[in-house]
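Have it open while you read.

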Amino acid sequence: MTQINVMLVEDDPVWEDCLSSFIEREQDLNVVSCAASKEAAIRAYKENDVDVALVDVMLSPNECDGLDTALELKQLGLSNIIMLTALNDKEIILDAFDKGAVNYITKTSYRDIPRAVREAYGDHPGIHPDASAVLVAELKKERKLKYILTPTEREVYDLREKGMNKAEIAKVLFKSVETVKKQIKQIQIKIRG
């Protein structure tokens with residue numbers, strides 16, 4: 001039986017202990033290292049034979065340091081990175097895959113971790129339902145918007161999604177604030193539609 005060496009990157013000692021104990025119950029999975037920070041994870045990866053890393057997105061308060069950790073591990077040559085999180089946010093999910101993650105699992109779905117580790121190790125990673133449900137909803141929304149918004153409304157919508165306020169949008173699109181307000185109202189009507 002092939003042994004799969006797992007590195008756990010988690011800054012909460014309770015979760016680290018729970019996840020480590022849970023993973024170690026599997027005969028073919030071996031936790032070779034636990035790290036609580038990006039620096040410790042990089043050091044542990046260099047010192048151990050790691051096949052798959054489970055990386056918490058939130059390694060420090062109010063920061064997604066786990067995403068940077070995933071990117072650095074990927075750059076060092078680790079291709080099997082699974083993000084663990086309590087968050088199921090579209091932007092974080094997309095960032096995780098951009099940084100090199102092959103899967104994304106919420107901690108409440110910890111029972112699915114052994115299968116996800118085996119899939120990643122076997123170069124057959126699937127997208128866990130936690131992430132796929134969010135991504136499919138986003139794709140449906142994007143497809144719907146493509147057909148219901150005019151090109152001008154789409155520009156306004158995209159700028160609004162980037163966090164711009166009405167005045168900033170008006171400046172970028174060379175329109176009056178009043179025109180932008182009307183367009184945003186029309187967009188909202190169409191989306192609720």
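**Notes on α8 and its neighbours**

1. Helix α8 (residues 166-173) packs on helix α9 (residues 177-192) at an angle of about 110°, the axes being 8 Å apart. That makes the two roughly perpendicular (65 to 115 degrees). Axes here are lines fitted to C-alpha atoms over the stretch in contact, with angles from 0 to 180 degrees between N-to-C directions. Helices are DSSP runs of H or I, at least four residues, numbered from the N terminus.

2. A caveat: this is a predicted model, with local features needing pLDDT of at least 70 and side-chain atom pairs pLDDT 80 or more, while totals for chains, interfaces and linings use all residues. Residues are numbered from 1 along each chain as its sequence is written, and side-chain values use heavy atoms, leaving out hydrogens and water.

3. On the α8 side, K166, A167, I169 and A170 meet V177, V180, K181 and I184 of α9 (contact: heavy atoms within 4.5 Å).

4. I169, A170 and L173 are the buried residues of α8 (under 20% relative accessible area, 1.4 Å probe, protein chains only). Viewed down the helix axis they fall within an arc of 100°, so they line one face; the arc is taken from the directions from the axis to the C-beta atoms. They pack against α7 (151-161) and α9.

5. Now the ends. At the start of α8, a side-chain oxygen of N165 comes to within 3.0 Å of the backbone nitrogen of A167. Just after the helix, F174 has a positive phi of about 55°.

6. E153 sits in α7 and is buried, at 7% relative accessible area.

Note on methods. Parallel < 35°, antiparallel > 145°, perpendicular 65-115°, else oblique. Buried < 20%, exposed > 50% of the residue type's maximum accessible area, 1.4 Å probe, protein only. Polar contact = N/O pair within 3.5 Å; in protein donor to acceptor, adjacent residues only side chain to side chain.
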